Amino acid sequence: MVKTLYTVKDFILLSLPLNCKPAHLANGERLISAQLDTDTWLKENLLQGRAYVTNFEIPEFKVGSLDSLLIESEELDKIDGQVSNSINKIIEILAQFNESGTNEYKTIPINNMPIPEYLENFQWQERKFKLDKSIKELIQIISNESSQLDLDVRSTFADYNSAKSNLTAAERKKTGDLSVRSLHDIVKPEDFILNSEHLTTLLIAVPKSLQKQFETSYETLSENVVPGSASILSKDSEYLLYNVHLFKKNVPEFTSNCREKKFIPRDFNYSEELIEQLKQEHDSAASLEQSLRVQLVRLAKTAYVDIFINWFHIKALRVFVESVLRYGLPPHFNTKIIAVPPKSLSKCKSELLESFGFLGGNAFVKDKKGKINKEDTSLHQYASLVDTEYEPFVVYTVTL
């Protein structure tokens, strides 16, 4: 049984009236079993005893008016979805760095416990979320904290992606072909005319297939090109890198004509300061990427734990609020968490409906499993307004 707890991914949070007992069918009619109490039935009969069932301990909260409970129910539904999305985003981020954990759930432990163990031993954190506050205040506190954590993770993730893009660009400059790569480790001072009032040097990446065409035409690409000045500084599998000396005033015309003929001018002005800066660019980008990666992973792991804990506090509030709305006061309910064996979620919910579907009363015609029959002709024009997913008791599914 304990093994079941640590291999499942589907959990059910269930709340029933405290004195509710399961029903069974006799001659087509639903009868309450006087011999079998709910706890025993859940542990021994549900899925033939294959489900792991334990108490889901929820404290009593300060209950306001019915109107406030209805508003809080809607708010909790919305926040539940938001926090769940935050958790999924963090898992996605951690998975990129193989940091999502090696356990069955691809997540990190919660307070040094595997997730199933945390769920089994869930306790409301009274020191953090004080019970003297109203449900509305508790929702606000949990929501604000979760939103801030989510924002911090997403902001750091955006910074990391920017740093990663810069590193990729720097690596491309370092490892690309001569038409795109950085040239700081190729050129030397003697390749340039420096400190001249009128003359300058251009670097041109020429496809190897156009080598002859370039060498026979470069002197005519503009006026005032120094004859015979072109020389090959470097070559790779695709390109030859030339330097050409010419007058500064003719640079625009020369580069424009180069592009027309598929010769690629490289924007490079030689200076010792620039050379040193380009040498450091890759190292700086790599250092920043590594630093932000470490920061992101550390933040994501911490945020995951805190947001997951907040998420289950939201679940606890949902179970409580919905139980009060369904079953009334005083708020004494039988709340359980059920670890459902793989591929058994649908059957588990079906068996719960068969045994506790009577709690939905007779407001609608229901099938044998307790589901509302939307084909009921008595609904007439109201049929489209009926929620066929309505459950006759409080139940939430959690898939990890």
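Modeller: S344 touches L47 and R50, leaving out residues up to four places away in sequence; contact here means heavy atoms within 4.5 Å. The model is a predicted one, in which local features need pLDDT of at least 70 and side-chain atom pairs count only at pLDDT 80 or more, whereas totals for chains, interfaces and linings use all residues. Residues are numbered from 1 along each chain as its sequence is written, and side-chain values use heavy atoms, with hydrogens and water left out.

S344 sits in the loop between β9 and α9 (345–356); helices (H or I, at least four residues) and strands (E, at least two) are DSSP runs numbered from the N terminus. With a relative accessibility of 6%, S344 counts as buried, a word that stands for under 20% relative accessible area, with exposed over 50% and partly exposed in between (1.4 Å probe, protein chains only).

Q125 belongs to the loop between α4 and α5 and is partly exposed, at a relative accessible area of 25%. Apart from neighbours within four places in sequence, the contacts of Q125 are N111, I309 and H313. The C-alpha atoms of Q125 and I309 are 9.2 Å from each other, although 184 residues separate the two along the chain. V180 is found in the loop between α5 and β5 (199–207) and is likewise partly exposed, with a relative accessible area of 29%. With the same exclusion of neighbours within four places, V180 is in contact with R172, K173 and R266. From C-alpha to C-alpha, V180 and A205 are 9.0 Å apart in space and 25 residues apart in sequence.

F308 is in contact with I87, I110, I115, Y118, L119 and L400, leaving aside neighbours within four places in sequence.

The axes of α3 and α5 lie 10 Å apart at an angle of about 25°, the axes being lines fitted to C-alpha atoms, for helices over the stretch in contact, with angles from 0 to 180 degrees between N-to-C directions. α3 is therefore roughly parallel to α5 (under 35 degrees; over 145 is roughly antiparallel, 65 to 115 roughly perpendicular, the rest oblique). Their contact includes L69 and E72 of α3, and I135 and K136 of α5. By class, it has 10 nonpolar, 5 polar and 6 charged residues (Ala, Val, Leu, Ile, Met, Phe, Trp, Tyr, Cys and Pro are nonpolar, Asp, Glu, Lys and Arg charged, and the others, Gly among them, polar).

The axes of α3 and α8 cross at roughly 155° and come within 8 Å, so the two helices are roughly antiparallel. The contact of α3 with α8 has 24 nonpolar, 3 polar and 6 charged residues.
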